[in-house]
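Student: I would like to go through this structure and ask what stands behind each label. Please set each value against its rule.

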Amino acid sequence: QVHLVESGGGSVQAGGSLRLSCAASGPSEYRDYMAWFRQAPGKEREGVAAITVLSGTKAYADSVKGRFAISQDNAKITTYLQMNSLNPSDTAVYYCAAGSVYSVLTWGRLDANSYNSWGQGTQVTVSS
């Protein structure tokens, strides 16, 4: 099992930026893909961005394209989510997730079913 720890959440005004970090530990064979999800109160968990650890290929939800950027450090241990031009609809708990290639090929890169390791979540609040 992969252990994930998120950091970097907080409160920001609309138009501002935040950078989330996710530090991973555990077997690398369960970390073919890393992703960020978010869940607002009363809503389903939504896939925001994903990255293929080996190749660095990225995928984004339409709602964040052009505003959010997922990246990883050279050691492929820490995954980042740079969030720019934030608006109140981005308010949610953000989760980091890790998944294997087998699950992602079945469910897709931004589907929560693809990921079996999750962080504890970090709150992001955007005020207008």
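Tutor: Start with Arg 38, which has 6% relative accessibility and therefore counts as buried. The cut-offs are these: buried means under 20% relative accessible area, exposed over 50%, and partly exposed in between, with a 1.4 Å probe and protein chains only. This is a predicted model, in which local features need pLDDT of at least 70 and side-chain atom pairs count only at pLDDT 80 or more, while totals for chains, interfaces and linings use all residues. Residues are numbered from 1 along each chain as its sequence is written, and side-chain values use heavy atoms, leaving out hydrogens and water.

Student: What makes Arg 38 and Glu 46 a salt bridge?

Tutor: The rule asks for a side-chain nitrogen of Lys or Arg within 4 Å of a carboxyl oxygen of Asp or Glu. The closest N and O atoms of Arg 38 and Glu 46 are 2.8 Å apart, so the pair meets the rule. Glu 46 has a relative accessible area of 29% and so is partly exposed.

Student: How do you know that Arg 38 also forms a salt bridge with Asp 90?

Tutor: Their closest N and O atoms are 2.9 Å apart, and the limit is 4 Å. Arg 38 lies in strand β4 and Asp 90 in the loop between β8 (78-83) and β9, so this pair ties together parts 52 residues apart in sequence. Strands (E, at least two residues) and helices (H or I, at least four) are DSSP runs, numbered from the N terminus. Asp 90 has 0% relative accessibility, so it counts as buried. Arg 38, Glu 46, Arg 67 and Asp 90 are linked in a network of salt bridges.

Student: Why is the bond between Cys 22 and Cys 96 called a disulfide, and why left-handed?

Tutor: A disulfide is a pair of cysteine sulfur atoms within 2.5 Å. The sulfur atoms of Cys 22 and Cys 96 are 2.0 Å apart, so the pair qualifies. The torsion about their S-S bond is about -75°, which is why the disulfide is left-handed. Cys 22 sits in strand β3 and Cys 96 in strand β9 (residues 92-99), 74 residues apart. Both cysteines are buried.

Student: What makes Arg 31 a buried residue without a salt bridge?

Tutor: Arg 31 is buried, and the nearest side chain of opposite charge, Asp 73, is 7.6 Å away. The side chain of Arg 31 instead reaches the backbone oxygen of Lys 76 at 3.1 Å.

How values were computed
Lys, Arg positive; Asp, Glu negative; His and termini not counted. Polar contact = N/O pair within 3.5 Å; in protein donor to acceptor, adjacent residues only side chain to side chain.
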